[in-house]
Amino acid sequence: MSTPYYVSPEQIRQDKEDFVRRGIAQAKEVVVLEYKDGLLMVAENPRKTTFKISEIYDRIAFAAAGRIAEYEILRVVGIREAEIKGFRYYREDVTAKWLTNLYSQHMGAVAQAWDAKPLEIELLVCELGAADAPAGSTLQNNRIYHIAFDGIYSEEEKYAVIGGRATALTDILRQHYTDSLEMSAALQLVTDTFRTVEAESEDDYEITPQTIEVACLEQSTERRKFRRLSTDEVTTLLDF
Amino acid sequence: MLDLSDYGTSDFFQILKRRHPELLTTLNSPDAVSNPHVPESSFQPYEGTTVLAVVYDAGVVMAGDRQATEGYQVGERRIQKVYPVDRHAAVAVAGAAGPCIEMARLFQVEVEFYEKTEGVSLSLEGQANFLSHLVRANLGLAMQGLMVLPLFAGYDVKRQRGRIFKYDAIGGRYEEDNYYAIGSGGKDARSTLKKCYTPQMNRQDALKIVIEALWDAADEDIATGGPDLIRKIFPTLYTVTKAGVTEVPEATVETLYREFISRL
C-alpha cells in the first residue's frame, strides 16, 4: 500500500486561491455604486441577453464576475430560495444578508470539498434600503455584500467592484466618489473609471452605451425596485 | 451546499410540489379527490363573489366588489379579489376566500419567477394556460365545496389588445372577446354588461358600465357588496393597458358612484 503524499492545509488553500485568482483575473468587472435614489450597477458587457446583473427579489439584485455557467446556477437558485421564503413568510422577510449567507455557505462548501474545483466567480448581493422605514433606522441603509469564491464575504459601503481589475477600479472610485450623485453623474463617474482603467490595459475595450450593461435599484412606488436601463436611456444619461 | 437539482425549471409550482408540499396544503391535495364529502353545515369559510372584466380600446378593466360572506353573515367588508399579476395581467377570484387568495398569490409568484429566471415574460396565453393547471389542482377541494374560480385578463403585447379568459371547475379555459363576470352576482353583472357594452369603448365609458354592473349585482345578489358610502368602501377597479396595471384611485371610483346614484 502506498502512502499518500502529505500536502499541508495551507498549501491546498493557496493552490485553490491561485487557481481562482488566475480565472478571475480574466473576468470583466461589475461596479455597484450608491447614488441619490438608490444603487447603480454597471458592467462591461456588449451582449443583450446574457446578463451579469440581475433581479433577485423586490429590493435585491445580484451581480457576478467570472464563469457564467457557474454563477447562472446560483442566480436562479437565489431567486428560487427567495421566492420560497417570501411565499412561506412575507416578502419583507427576504433580505440580502440572508441571501448572502446562503451563497456564502454554498461557495465555502464547494471551495473546501476535496473532489471539487472552487467556483471561479465573485458575487455582489445588493439591497435597496427601505425609504419608508422610521427615520434613523438602519433599515433605510442600502446594503452591498461582496462574496469571494471561498464564501468569505464582506459588507461594503458606498461602492464595490468585482472582477479582474477590481483593485484598480476601486482606487479610482475612492478618489472621485461623492455622496448623493444624480444618476447621470454616477453613471458618468463609473464609465470614466472604466475608461481610465481600459486606457492602461492592452485590449482597450471601448466604453459606449452599447458595450455596457446598466441596471439600478431605485426608490419608486413599484414593488419591484430593480430596473434595467436601455441603451437609449444610457445614451441620454451620458449626454447630459 | 445548496441543492441545485431543479435548476432547469422555471415552474415555481412544480418546485413547491416537490420540495415544499407543506406550503400547498389546500391546492394539490389528492386525498380530497378520492374522499369527496360535503362539509358539515356549521363549516362556513369566507366566500367571495362577483368579479368582472371588460375589454375597452386601450386594454381591459378588471373589477370586484369588496365583500366576503360567512353563510348569511358579512364576514369581511374590505376583501381584495383583484390582484395584479405582472405588468400586463391581472387575476380576479371568486369562491372560498382562503384558497382563492392562495391561488392568486401563487399564480403571481409563478409568473414573476418565470420572468426573472428566463429573462422574458411568460406570454399572456402561457399565463392563461398555467392558471388552468392551478384550477385543476384545486379539484379535490372544489368537490368538497371549496370552489375557486378565477377570471384572468390582460393586455396582449403581441396582439395589442385586451383579452379575457374564464375557467370552469376542472380547469377548462375559455376566451371571452368583450366582457365577462363570475361569482354569485356574475349573471346579474353580465346582463348589465350585455345591454351597455359597445366595442372599442373608451376608458371612462368602460369604468361607467363596470360600476353599473357591480351595482346591479349587489342589488340582486345578497352575497355581493355594493359601494359603502358611509364607511367609504368601494369596489376595486384595475385597468390593464400597454402602460401597465393601474389601480383606479378610490376617489375616482367614489365620484363615478356618486354620479351614477344621482342619475337613478
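Keep in mind that the structure is a predicted model.

## The sheet built around β9(A)

Let's start with an open sheet of 5 strands in chain A, ordered β8-β1-β2-β9-β10, with antiparallel pairing. The edges are taken by β8 (159-162) and β10 of chain A, each pairing on one side only. On average, neighbouring strands here are turned by 15° against each other, direction ignored.

Now walk across it. Strand β1 (residues 30-35) of chain A runs antiparallel to β8(A), and 4 bridges join the two. If you want a landmark in that pairing, V31(A) has V161(A) in β8(A) as its bridge partner. Further along, strand β2 (residues 38-44) of chain A and β9(A) are antiparallel too, joined by 7 bridges. Here M41(A) has A215(A) as its bridge partner in β9(A). Finally, 3 bridges tie β9(A) to strand β10 (residues 226-228) of chain A, again antiparallel, and C216(A) is partnered by R227(A) in β10(A).

Is β9(A) largely enclosed or left open? Of the 7 residues in strand β9 (residues 212-218) of chain A, 6 are buried, so the strand is largely enclosed by the rest of the structure.

Helix α4 (residues 166-176) of chain A lies across β1 and β8 of chain A, and runs at about 160° to β8(A). Helix α5 (residues 183-200) of chain A packs on the sheet as well, touching β1, β2 and β9 of chain A. The direction of α5(A) makes about 30° with that of β2(A).

## The β3-β7 sheet of chain A

Chain A also has an open sheet of 5 strands in the order β3-β4-β5-β6-β7, with antiparallel pairing.

At the β3 end, β3(A) and strand β4 (residues 60-66) of chain A pair in the antiparallel sense over 4 bridges. Look for E55(A), which stands opposite A61(A) in β4(A). Helix α3 (residues 96-112) of chain A packs on this sheet and touches β3, β4, β5 (121-127), β6 (143-147) and β7 of chain A. The direction of α3(A) makes about 0° with that of β6(A).

## A helix pair in chain B

Over in chain B, the axes of helix α6 (residues 186-196) and helix α7 (residues 203-220) come within 7 Å and cross at roughly 145°. The crossing of α6(B) past α7(B) is right-handed.

Which residues meet there? From α6(B) come D188(B), A189(B), T192(B), L193(B) and C196(B), while α7(B) brings I209(B), E212(B), A213(B), L214(B), D216(B), A217(B) and E220(B). By type, the residues of this contact divide into 7 nonpolar, 1 polar and 4 charged.

## Where the chains touch

How many residues of each chain take part in the contact? The answer is 13 residues of chain B and 15 residues of chain A. On the chain B side, α1 (12-19) and α3 (97-118) each supply at least two residues. The largest share of that side, 4 residues, comes from α3(B). The chain B side divides into 9 nonpolar, 3 polar and 1 charged.

While you're on α3(B), check G98(B), which sits in that helix. With 15 C-beta neighbours inside 10 Å, G98(B) counts as partly exposed.

## The largest nonpolar core

In soluble globular proteins, nonpolar side chains tend to be buried together. The largest nonpolar core here has 147 residues, and those touching the most other members are V32(A), M41(A), V54(B), A90(B) and V210(B). Its largest share, 10 residues, comes from α7(B).

Setting aside neighbours within four places in sequence, M41(A) is in contact with V30(A), V32(A), I53(A), A61(A), A63(A), C126(A), A215(A) and C216(A). Among these, A215(A) is also the bridge partner of M41(A) in β9(A).

Note on methods
Residues numbered from 1 in each chain as written. Chains lettered and ligands numbered in written order. Predicted model: local features only at pLDDT ≥ 70, side-chain atom pairs only at ≥ 80, totals over all residues. Buried ≥ 20, exposed ≤ 12 C-beta atoms within 10 Å, placed from the backbone. Pairing = 2+ DSSP bridges. Axes fitted to C-alpha atoms, helices over the stretch in contact; angles between N-to-C directions. Left-handed = near helix turned anticlockwise from the far one by under 90°. Contact = placed C-beta atoms within 7 Å. Nonpolar A, V, L, I, M, F, W, Y, C, P; charged D, E, K, R; others polar. Core = buried A, V, L, I, M, F, W, Y, C linked by C-beta atoms within 7 Å.
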